[in-house]
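Dear colleague,

Please find below the structure I am handing over to you, followed by a summary of what was found in it.

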Amino acid sequence: MDKRAVINLFPNLANDDKFDITSPETSNYNCIAWAYQMYNNRWMQPPKGMYLPELDAVSWWPDGVMEGSDISCLVDAFAKKGFEKCDTWEHEQGYVKVALYYDPNTGEWTHAARESRISNCWMSKLGQENDIHHGSPYTIEGDLYGEVYCIMRMVDK
């Protein structure tokens, strides 16, 4: 996908100076796995019954965390990893942050983005498409991913 196509999906990126496409397209991993632990070889398993594409990688979900499409299931998965809700998306020394997205009409999770440790921006994997950088978690809100439900942080190890 080229920049113009990504901007068509996420119009706020047109005014985001940090927006860039940072990887080729791949179906080896999804946004949740990338935000969870920067896995590039698996999909964190969508809730049963959701669309699961033909994958070149494994599908996985953390043990002991309920599967489901409700945003609380995704929050619990990240909490199991050590993330906790916080008040700001802005960088805090010693922490790595994620933004969890949901559809406010259904309460279902849709996406996760992760703060970059080195480039002072946010990273997202766009489904089976490219990885991108963006200036804030809010620049990709809209029809496709809905809204940021919460920001979570974890001590950067």
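Strand β1 pairs with strand β8 (residues 131-134) in the antiparallel sense, over two bridges. Within this pairing, Ile132 of β8 is the bridge partner of Ile21, and Asp20 stands opposite His133. Please note that the model is a predicted one.

On its other pairing, β8 runs antiparallel to strand β7 (residues 122-125), to which four bridges join it. Here His134 of β8 is the bridge partner of Trp122. β7 and β8 form a hairpin with five residues between them, and Gly127 in the turn has a positive phi of about 60°. As for the side chains of β8, Asp131 and His133 point one way, while Ile132 and His134 point the other way; all are buried.

These strands belong to an open sheet of seven strands with antiparallel pairing, in the order β1-β8-β7-β6-β5-β9-β4. β1 (20-21) and β4 (84-86) stand at the edges and have a single partner strand each, so one side of each is left without a neighbour in the sheet.

Helix α3 (residues 71-81) also deserves a description. Its buried residues are Ile71, Cys73, Leu74, Val75, Ala77 and Phe78. Just after α3, Gly82 takes a positive phi of about 120°.

With kind regards

Key
Residues are numbered from 1 along each chain as its sequence is written. This is a predicted model: local features need pLDDT of at least 70, side-chain atom pairs count only at pLDDT 80 or more; totals for chains, interfaces and linings use all residues. Side-chain values use heavy atoms; hydrogens and water are left out. Two strands pair if DSSP finds at least two bridges between them. Buried means under 20% relative accessible area, exposed over 50%, partly exposed in between (1.4 Å probe, protein chains only).
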